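Hi everyone, thanks for coming. I'd like to walk you through one structure today, starting with the overall picture and then stopping at a few residues along the way.

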Amino acid sequence: MHRFLIMAAYAVTLIFFVSFVSPILYAQEVKPRLNKSGPDAINKFCAGQGYPVKRRYVDPCARVGSFTAMHEIFSSSPIKKGNSVRALPYAEISMTDPKLTNLANVVLENEPVTALLIWRRGKIHTEVYQYDRKPTDLFISFSMHKTVTGLLVDVALQNKKINSISDSVTDYLKFLRGTDWENVSIKNALRMSSGLPVNQREFLLPLLFKNKDRATLLKKIFNTQKAQAGESFLYNDANTYVLGMLTEEVYRKTQGDLISEFLWHKIGPEANAAILTTKSGQHLVSASMLARPRDYLRLGLLILEDGLNYRGDQTISPIWIKGLFGQTKLSQECPFGRDCSDIDWGYSQQAWLPPYPNTTALIGKYGQLILVSKDTDTVLVMLSVNDPKPIARSATIRSLLKYVSTE
C-alpha cells in the first residue's frame, strides 16, 4: 500500500511537470503582434472613425484605412499567386537580439508604422501590425513598385525580349518616336536620368482619377529636355512608365500578368497581390501595387538570395542583383552611386542604394520600405502612413536601418 502511494504521488508529480513545467523548457517562438492603435491614432489618423476609407487617400484621416483598400477604391487587377507557398519560420525569442527589438519598438512607438517585419539569418525576428491592420491586408507599395518594374526589365533581357539597356526606349515604344524620348536609353530610364522634367501630379493623378491614356500623357513630355540624357538624376514616374510599358509591349501582356508569371509565381507568396488600373483597364506600372507584408518579405528574400528563388530557380540575373547593391561599374558612376552626394544615398535600376555597404532599398512615398542587407542577412519590411518625406530624416528609423545593415 505504501509503495502504491509513493508511485501514485510520483505519477501526479510527473503529470504536473509535463503539464505545467515542461513547456517552459521548450523554446517560445516570436509571434505576430497585433496592435489596435499606434502613434497619433486618434488625433491624426481618425481611429475614432474606424480609420475611414476615402478616395482622397492622401488626407491623414484617410491614410490608414485607404492604404489597405486602394484596390477597392480604384479599379484594379489581380496579380495571381502560384500553387506553392514559401514557409517563413519564426525565430525563438531567446535567440533574438534585444537591441534590435528595442530599436524596432522605438520606431513603432514614435512613427506611424502600420506593419513592421524583420527577417534575420533565416527567420522572422519581428512582426508587428498597428492601427488595427492585419497580416491578411493588402498594403499599397507606392514607389516600391518601381523596383518591381525594374526587375521585369531584367527578365526581358534574360529572355532576349530586349537586346540591350543601351537601346533607345523608342526602339520598342514606337509611339514615342519624334519626341525627346528618342534621346533616352533604357539605361537612362532605369537611373532616372532621362533629363525630362515631369509634374508628378499632372502625370499621375489623371491616370488614377480621370481615366487618361498612358501613351497620351507620355507623348506630352517632349521638347522639354532639361538636361542631356544620362548626365543628371531627375526622379520622376514617367521614366518608370516607359520601362513598364516597354516590357508590356515586348511580351504583349499587362504588367499584372508579367509580375504574376515572372515574380509572384516564383517567390511562393501566400496570397494574390493587386495592381491598380485606369477605369479602361490600363495597368498603372509605378506606385500602384498592393500585397501582404509577408509577401513583400518574400520579394525581399529573392533579392537577398542573389535572384534565386526558394526552389533554386535563377529568377533575377546575378548581374542585376549586383547592380541593385551598387556593385557594378554602372551603379557606381556619379551622380548615381552612393558616394556621389552629401546624403550618401545612390540610385540604381529603379532602387535606392542606402549609405551602408551591400544594401539596397525599395522605398515608397509615405514611408514604405523593403531594405535588404547582405552583410547581416536581413530583410526589413516597413509599411507606413507617414507624411511624405525622406525616410532618412527620422532619427529613430535611421538608427534602426543602420543597425540592421551593419550589426
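Let's begin with the chain as a whole, which has 14 helices and 12 strands. Its radius of gyration is 24 Å, close to the 22 Å that the globule rule gives for 407 residues, so the chain is as compact as a globular protein of that length. Please keep in mind that this is a predicted model.

If you draw a box along the principal axes, the C-alpha atoms fill roughly 105 × 45 × 45 Å. How much of the chain is buried? Buried residues account for 56% of the 407.

One more number before we go inside. Take the contacts with a separation of 6 or more: 68% of them join residues 24 or more positions apart.

Now, the interior. In soluble globular proteins, nonpolar side chains tend to be buried together. Here, the largest nonpolar core has 95 residues. Which members touch the most others? They are Trp181, Ile186, Phe203, Leu218, Leu297, Ile370 and Val379. Helix α9, residues 237-251, supplies the largest share of this core, with 8 residues. There is also a second, separate core of 26 residues, with Met192, Leu380, Ile391 and Ile397 among them.

Setting aside neighbours within four places in sequence, Leu297 is in contact with Leu88, Leu117, Trp119, Ile124, Val379 and Val381.

First stop, Ser260, in helix α10, which covers residues 255-267. Is this serine buried or exposed? Its relative accessibility is 8%, and the cut-off for buried is under 20%, so Ser260 counts as buried. Beyond its neighbours within four places in sequence, Ser260 is in contact with Ile79, Lys80 and His265.

Next is Asp180, which sits in the loop between α5 (144-158) and α6 (186-190). This aspartate is buried too, with a relative accessible area of 12%. Asp180 and Gly195 are 15 residues apart in sequence, and their C-alpha atoms are 9.3 Å apart in space.

For Phe142, phi is near 50°. You'll find Phe142 in the loop between β5 (139-140) and α5, and it is buried, at 7% relative accessible area. For Asn211, phi is near 60°. Asn211 lies in the loop between α7 (200-209) and α8 (214-219), and at 32% relative accessibility it counts as partly exposed.

While we're on the backbone, where is the cis peptide bond that involves Pro335? It runs from Cys334 to Pro335, with omega near 10°. Pro335 itself is in the loop between α13 (329-332) and β8 (346-348).

Gly326 lies in the loop between α12 (318-324) and α13, and it is buried, with a relative accessible area of 10%. What does Gly326 touch, not counting residues up to four places away in sequence? Its partners are Ser331, Gln332, Arg338 and Leu353. Leu353 is 27 residues away along the chain, yet the two C-alpha atoms are separated by 6.6 Å.

Last stop, Lys123, in strand β4, residues 123-129. With 34% relative accessibility, Lys123 counts as partly exposed. Leaving out residues up to four places away in sequence, Lys123 touches Pro89, Tyr90, Ala91 and Ile118. Lys146 is a separate matter: Lys123 and Lys146 are 23 residues apart in sequence and 27 Å apart in space, C-alpha to C-alpha.

That's the tour, and I'm happy to go back to any of these stops.

Note on methods:
Residues numbered from 1 in each chain as written. Predicted model: local features only at pLDDT ≥ 70, side-chain atom pairs only at ≥ 80, totals over all residues. Heavy atoms only, no water. Core = buried A, V, L, I, M, F, W, Y, C linked by side-chain atoms within 4.5 Å. Buried < 20%, exposed > 50% of the residue type's maximum accessible area, 1.4 Å probe, protein only. Helix = DSSP H or I, 4+ residues; strand = E, 2+ residues; numbered from the N terminus. Contact = heavy atoms within 4.5 Å. Rg over C-alpha atoms; globule rule 2.2 N^0.38 Å.
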